[in-house]
Amino acid sequence: MRSAYGVETVRAAERALMARLPEGALMQRAAAGLAAACAELLGKVYGSRVVLLVGSGDNGGDALYAGARLARRGAGVTAVLLAPERAHAEGLAALLRAGGVVGAAGSAEEVLLRADLVVDGIVGIGGRGGLRPEAARLVETVRRSRAAVVAVDLPSGVEADTGEVRGAAVRADLTVTFGTYKPGLLVDPAREHAGVVRLVDIGLELPAEAELEALQHADVARLLPVPAAESDKYRRGVVGIAAGSARYPGAAVLAVAGALRGGAGAVRYVGPAAEAVIARFPETLVSDRGPAKAGRVQAWVAGPGAGDDAATVAEVLAAEVPVLLDADGLRLAERDAVRARTAPTLMTPHAGEAAALLGVAREEVEGARLAAARELAAVYRATVLLKGSTTLVADAAGGAVRVNATGTGWLATAGSGDVLSGLGGSLLASGLTARDAGSAAAYLHGLAGRFASEGAPAGAHDVADRIPRAWRDVRR
């Protein structure tokens with residue numbers, strides 16, 4: 001699992017560690033890891049041209065010390081000081097002793113355009129807002145160069161705690177982060193600026209519970225239900241699907257596909273698309289008597305393609321089993337009815353749906369995804385899976401928000417969310433908590449999308465068909 005901690009937590013851990021170490025030792029640890037990563041990216045250090053963009057804080061000091069190490073290995077290292085009077089004095093002295101030079105920020109364009117590698121040490125993890133104009137001009141020059149860009153701890157201009165990007169910011173090929181991941185390295189839109197992220201262990205002692213966590217294969221494998229010898233369909237989990245309409249029968253078919261491929265012992269379908277569902281999946285149990293009389297289920301999925309059927313959504317919310325709300329179900333569900341539920345509720349909006357529920361512009365949600373997911377979970381007293389390039393799962397009870405980046409842009413296709421809702425419902429029916437079901441569903445759905453597309457367009461039904469492959473890949 002990748003765990004991310006906020007700025008204040010990281011700084012407290014750094015202060016505690018520095019109190020036990022010789023002065024400057026912690027920065028040297030960071031600089032050694034940074035220099036090694038830069039050398040690996042360069043391939044050949046001797047004779048390479050390296051430019052350091054150096055701000056006024058410890059972030060700039062890390063860059064200067066790393067530059068000194070590269071200079072001693074034969075690189076031509078130039079430091080561009082954005083605040084010369086506040087540059088890290090010891091780091092600058094080390095660079096000069098190693099043969100590095102200082103270039104003026106006002107005449108840096110030529111040296112940047114000739115660089116093989118640019119090290120971004122402008123702003124550290126405490127930065128807020130976008131880059132200032134002078135720094136932004138330098139970063140624009142870097143963008144026009146052919147240089148590889150390495151960010152120190154976090155790309156300058158992105159916000160460490162939130163993943164927000166409020167102005168000009170560095171786009172790195174590699175970010176070398178120290179001690180722990182920061183939320184902004186895992187959450188879009190900041191994640192897009194980080195490139196490949198490399199963690200350097202500097203010995204920090206951090207709290208047991210992180211602020212953000214990203215599950216890996218082994219973590220998801222431990223969550224996935226595996227039937228025992230005595231399992232029957234009820235022990236494996238029966239999921240009810242209340243979805244589809246005359247206009248959108250395919251939504252019902254795709255939600256059922258996601259549930260069946262996701263390991264449900266059985267699927268009960270309620271809605272007007274029964275004929276289409278049975279034609280594709282004859283094992284589905286259909287009912288025309290409404291959710292309350294459809295038969296035994298361990299979880300419900302409500303909303304995909306439901307149109308304006310508010311009565312069915314209300315009936316599902318009245319059930320005393322876990323419920324997943326998606327698509328039209330999010331719009332039709334009464335907030336107070338969701339808040340009053342005692343059984344778990346998992347809501348799966350995309351940014352536009354989340355914005356409508358919160359009464360804000362879509363751009364506001366997309367720019368501050370972490371805050372939006374947390375707020376929506378608190379407002380509805382539910383677990384929220386906010387879909388997007390990075391999927392976030394926030395729990396009403398608080399705790400670490402989970403982030404998933406297995407998805408691909410090819411998943412942005414009609415019906416993909418319906419498959420995810422069925423998959424999530426099947427995991428809820430198996431007994432997983434809403435947080436675990438949402439996390440595992442997002443992970444498997446993302447992998448299935450990658451397998452389905454493999455660099456080419458694919459439809460939602462292709463994604464559903466690849467869920468078993470994703471399941472096998474995780475459990476290997």
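1. Before the sheets, a word on terms: two strands count as paired here if DSSP finds at least two bridges between them. Keep in mind, too, that this is a predicted model. With that, we get an open sheet of eleven strands, with mixed pairing, in the order β1-β9-β18-β17-β16-β15-β14-β13-β10-β11-β12. Its edges are β1 (2–4) and β12 (285–287), each of which pairs on one side only. On average, neighbouring strands are turned by 20° against each other, direction ignored.

2. Met347 is the residue standing opposite Val384 of β16. Helix α18 (residues 369–380) packs on the sheet and touches β9 (212–214), β15, β16, β17 (391–394) and β18 (401–404). The direction of α18 makes about 35° with that of β17. Helix α20 (residues 434–453) also packs on the sheet, with β9, β15, β16, β17 and β18 as its contacts. Here the angle is about 10°, taken between the directions of α20 and β18.

3. Now the other sheet. Seven strands make it up, in the order β4-β3-β2-β5-β6-β7-β8; it is open, and the pairing is parallel. At the edges sit β4 (101–103) and β8 (196–200), each pairing on one side only. From one strand to the next, the twist averages 25°. Within this sheet, β6 (residues 148–152) and β7 (residues 174–178) run parallel and share three bridges. Val152 has Val176 in β7 as its bridge partner. Helix α4 (residues 89–97) packs on the sheet, where it touches β2 (49–54), β3 (76–81) and β4; the direction of α4 makes about 115° with that of β4.

4. The largest cavity holds about 50 Å³ of space. Its lining consists of Leu215, Thr391, Val393, Arg402, Val403, Asn404, Ser439 and Tyr443. The elements giving two or more residues to that lining are β17, β18 and α20, and β18 gives the most, with three residues. By class, the lining has four nonpolar, three polar and one charged residues.

5. On to the open sites. The largest pocket has about 1,100 Å³ of space. It is lined by 40 residues, and the ones closest to its centre are Ser56, Gly57, Asp58, Asn59 and Gly124. Two or more lining residues come from each of α1 (7–18), α2 (25–42), α3 (58–72) and α6 (133–144). Sorted by class, the lining of the largest pocket has 17 nonpolar, twelve polar and eleven charged residues.

6. The second largest pocket has a volume of about 920 Å³. Of the 39 residues lining it, His350, Lys387, Leu411, Ala412 and Gly417 lie nearest its centre. The elements that supply two or more lining residues are α11 (249–261), α16 (351–358), α17 (362–367), α19 (416–429) and α20. The largest share, four residues, is from α19. This lining divides into twelve nonpolar, 17 polar and ten charged residues.

Note on methods
Residues numbered from 1 in each chain as written. Predicted model: local features only at pLDDT ≥ 70, side-chain atom pairs only at ≥ 80, totals over all residues. Heavy atoms only, no water. Axes fitted to C-alpha atoms, helices over the stretch in contact; angles between N-to-C directions. Contact = heavy atoms within 4.5 Å. 1 Å grid on protein atoms, 1.4 Å probe; cavity = no way out; pocket = protein on both sides within 12 Å on 5 of 7 lines; lining within 4 Å. Points joined across faces, edges and corners; volume = space filled by probe spheres on them. Nonpolar A, V, L, I, M, F, W, Y, C, P; charged D, E, K, R; others polar.
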